[in-house]
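I set down what I looked up, entry by entry, with the criteria used.

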Amino acid sequence: MTVRSPLLPEPAEIVEKRSYGPSIHAYRLRLLAADARPRFDFVPGQFNMVYVPGVGEVAISISSDPEEEMLEHTIRIVGRTTRVIDGLGPGDVLGLRGPYGTGWPLQEARWKDVVVVTGGLGCAPVTGAIDYMFRRRANYGRLTIVHGVKKPSDLIHRERFEYWRRQEDARVLLTTDEPDRAWRDRSGVVTELFDEIEFDPSRTVLLMCGPEIMMHYAIQNLRGRGLASDRIFLSIERNMKCAVGLCGHCQLGPEFVCKDGPIFRLTRVERLLFTRGL
Amino acid sequence: MTGAKPAPAQFLARADLQRLLEALRARGYRVMGPVPRDGAVVFDEVRSVDELPRGLREAQEPGRYRLEPNGRDTVFDVVNGPGSLKPYVFAPREKLLQVEPEGRSFRAQELHPDAPKLAVIGVRACDLAALSVQDRIFLEGRYPDSYYAARRRQLFLVAVNCTRSASTCFCVSMATGPEATQGFDLALTEQEWGFLVRAGSALGREVQQALPLTPAPEAALARERTSLETCAATMQRKLETADLPEVLYRNLEHPRWHDVGSRCLSCGNCTMVCPTCFCHDEKDEPLLGEPDEAGVRSVRVREWDSCFNREHAQVYGLNYRPKIEDRYRQWLVHKLASWIDQFGTSGCVGCGRCITWCPVGIDLTEEMRALREPGA
């Protein structure tokens, strides 16, 4: 068979590593094979399986811009494989296979206002999409970003939020459950900020990423204000091992989150998403 | 294997069954068949028909399996055991890749399974149906699985039509049996003096020509019809399928889940004996032996996993299915409902293995009946 196995990782060299606190690093990677980059053509929101030879693989979304040569992965150090990645730096080589899954609806959102609601440390899958829109600013209407963290130190990419905040026709609202003295933004949960955001349901697309309980309340609130379910997109997290819809771990009802997601239109997952233990 | 209509039946005398094994071996096949082992019938290599379960049948009940004499000279009266075709195509443990250091980088190579020609005799209609379900999963998706494909194309399948059912069987409800109608190379129906033989593929016809066959007597064909019809008509267990998948999606919060969750041990036996369950884990294993100067070589392997394992839905800091009742619901809803959305077919073929091999005798047909009743 001449078909290339979908399970073969492609070597990629770490060119740059930026750290956001002790346990989150962004790695910029260059594929070593000269002809490999076109196979990794992606849409923000899609992910790669990042491979450490002899150790294992983890599913990580791609946070760079699709038109850049290099691929960026922002990785939180939480388990066995990422702990090994933690010790790697420029010159070291990782494996990549992908891209997998669905991306954010950045074409569908063109010429519309976009509201982005994120919570916790799980905002990495959406930061690439926000950057994408700001780099193509004229294609999008008003951009509103609402981001909540448990404690102030969970706010990574503070400088990025500040940068977005300074852009024209953009609004950034940050909140924390446990404000400290240095915190100058809001306090409370994300949904408490919704009264402050203005949007026209007829020309707005909502992108969401974070804990399911947060998304649950956010959906209730914003739908109550007229936003249609088919304008709401969410990034869903599940256990992923194979990324090609075969290993069975990432199922959410009939959906394989690795290939049917991780970005879903709410109408597709509505009746399953908030059932406990599914 | 082709979908060609089975040829007219011919007759193979009981004393000539060994010739079938020899014809297959002569064509380079390793021949597997049902053999009694440790109190159950499993598939294993057979060199002689004397190794088949002669004069035996089995009694199956929820959580119970016993071989017992049937007082006759049969070899295929045991309907099934814990083993199916699954391990022959979807290996319980498959080496996928070999990875070795190369300078600062690494080289990953696909490992191709050593898949010898394999003939399996005594395959039941439900197992053929299960194989076609697995074909859809592993061969007909966006990423066809080369490992499965390599094993699959080496199979020669000799089906045996069921003329009796176990108490746990419900293939009639799932429309998969008791008669093998497709997906086999040869199909046999066992009778007093021998076997009715039909070919289902060109390869089957070729093997058939190597056998000392005679035209099937009309009386034998009539008796075959009667025995197959009786088997279907007397099947004890039933599963209502008309309202699937919806009835399960409507009942995701039914109190029965808690009830069955309190009985289920979450051992995963049902998923291991299920001929369609496909969940697997993938992991890297460092190779032992001479340490390479360049570093450690490793293989990437996949192994059967089960949605009943606690870690199945575990991500860092969060388990999406922490309770046993969550995991039982995942299994049953997947098997009978979401499988249909995913693959256009039910994940259940009615073989009843999950009922027999459940250590606490949980019976999915009974759970489904309870789930249709209004919750307390």
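How many residues of domain 1 of chain A are in contact with residues of domain 2 of chain A? I found 18 residues of domain 1 of chain A in contact with 21 residues of domain 2 of chain A, where contact means heavy atoms within 4.5 Å.

Conventions. I work with a predicted model, in which local features need pLDDT of at least 70 and side-chain atom pairs count only at pLDDT 80 or more, while totals for chains, interfaces and linings use all residues. Residues are numbered from 1 along each chain as its sequence is written, chains are lettered from A and ligands numbered from 1 in the order in which they are written, and side-chain values use heavy atoms, with hydrogens and water left out.

Entry 1, domains. I took the bounds from an automatic or database domain assignment. For chain A the assignment gives domain 1 (10-100) and domain 2 (113-271), and their centres, taken over C-alpha atoms, are separated by 22 Å. Chain B is divided into domain 1 (10-94 + 105-233) and domain 2 (246-278 + 308-372). The C-alpha centres of these two domains of chain B lie 27 Å apart. Their contact takes 29 residues from domain 1 of chain B and 26 residues from domain 2 of chain B.

Entry 2, the eight-stranded sheet of chain B. I read helices (H or I, at least four residues) and strands (E, at least two) as DSSP runs, numbered from the N terminus; two strands pair if DSSP finds at least two bridges between them. Eight strands of chain B form an open sheet in the order 3-2-8-9-10-11-1-12, with mixed pairing. Strand 3 (40-45) and strand 12 (214-215) of chain B are at the edges with a single partner strand each, so one side of each has no neighbour in the sheet. Strand 1 (residues 10-13) and strand 11 (residues 194-199) of chain B pair in the antiparallel sense over four bridges, and B:Gln10 has B:Val197 of strand 11 as its bridge partner. Helix 3 of chain B packs on this sheet, where it touches strand 8 (118-123) and strand 9 (155-160) of chain B, and its direction makes about 145° with that of strand 9. Helix 6 (residues 202-209) of chain B also packs on the sheet, touching strand 1, strand 9, strand 10 (186-190) and strand 11, and its direction makes about 140° with that of strand 11 of chain B. For these angles, axes are lines fitted to C-alpha atoms, for helices over the stretch in contact, and angles run from 0 to 180 degrees between N-to-C directions.

I noted an open sheet of four strands in the order 7-6-14-13, with antiparallel pairing. Strand 7 (105-110) and strand 13 (280-286) of chain B are its edge strands, each pairing on one side only. Within this sheet, neighbouring strands are turned by 25° against each other on average, direction ignored. Six bridges join strand 6 (residues 93-102) to strand 14 (residues 298-304) of chain B, and the bridge partner of B:Glu94 in strand 14 is B:Arg302.

I searched a 1 Å grid over the protein atoms alone: a cavity is a set of points where a 1.4 Å probe fits but cannot get out, a pocket is an open set with protein on both sides within 12 Å along at least five of seven lines, and lining residues have an atom within 4 Å of a point. The second largest pocket has a volume of about 750 Å³; here grid points are joined across faces, edges and corners, and a volume is the space filled by probe spheres set on the points. This pocket is lined by 38 residues, of which B:Ala125, B:Leu128, B:Ala129, B:Ser132 and B:Gln182 lie nearest its centre. Helix 3 of chain B gives the most to the lining of this pocket, with eight residues. Domain 1 and domain 2 of chain B each supply at least three residues of the lining.

I recorded a cis bond joining A:Gly261 and A:Pro262, with omega about 5°. The peptide bond from B:Leu244 to B:Pro245 is cis, with omega near 5°.
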